[in-house]
Amino acid sequence: MAQIKYVITDGLGIHARPAGLLVKCCEDFSCDIKIGTPLKMVDARRIMGVMGLGLKKGDELTMTFEGADAKEASQALTEFLKTNL
């Protein structure tokens with residue numbers, strides 16, 4: 001299992017466009033990927049779940065990865081978050 005934490009720096013937080021890109025990036029991996037906060041975790045492949053978190057600038061999100069390609073997924077998603085959020 002791998003885990004990453006990231007503080008959102010984008011002024012708009014996670015809105016439709018970056019949520020869609022995040023979901024698309026997750027589809028490249030077979031491992032189980034969850035995203036959320038200590039209060040709520042959702043499947044990172046479900047756009048409505050990701051957007052339903054309501055993450056804004058300054059919020060810290062956590063992503064967990066379980067499965068065969070968890071390490072590769074966590075590295076790719078870390079880069080995605082730094083580039084897009």
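1. I47, M48 and M51 form a nonpolar surface patch of about 280 Å² in this predicted model. Patch members have over 30% relative accessible area and no salt bridge, with nonpolar side chains (Val, Leu, Ile, Met, Phe, Trp, Tyr) joined within 5 Å and like charges within 9 Å. A salt bridge is a side-chain nitrogen of Lys or Arg within 4 Å of a carboxyl oxygen of Asp or Glu. Areas are Shrake-Rupley values with a 1.4 Å probe, and for residues only the protein chains shown count as cover.

2. M51 lies in helix α2 (residues 47-52). Its relative accessibility is 32%, so M51 counts as partly exposed (buried is under 20%, exposed over 50%, partly exposed in between). Helices (H or I, at least four residues) and strands (E, at least two) are DSSP runs, numbered from the N terminus.

3. In helix α1 (residues 16-26), P18, A19, L22, V23, C25 and C26 are buried. They line one face of the helix, because they fall within an arc of 160° seen down the axis of α1; the arc is taken from the directions from the helix axis to the C-beta atoms. R17 and K24, on the other side of α1, are exposed.

4. Four strands make an open sheet with antiparallel pairing, in the order β1-β4-β2-β3. Its edge strands, β1 (2-7) and β3 (41-43), each pair on one side only; pairing requires at least two DSSP bridges between two strands.

5. Strands β2 (residues 32-36) and β4 (residues 60-66) run antiparallel and are joined by 5 bridges. D32 has E66 of β4 as its bridge partner.

6. Residues are numbered from 1 along each chain as its sequence is written. Local features need pLDDT of at least 70 and side-chain atom pairs pLDDT 80 or more, totals for chains, interfaces and linings use all residues, and side-chain values use heavy atoms, leaving out hydrogens and water.

Key:
Buried means under 20% relative accessible area, exposed over 50%, partly exposed in between (1.4 Å probe, protein chains only).
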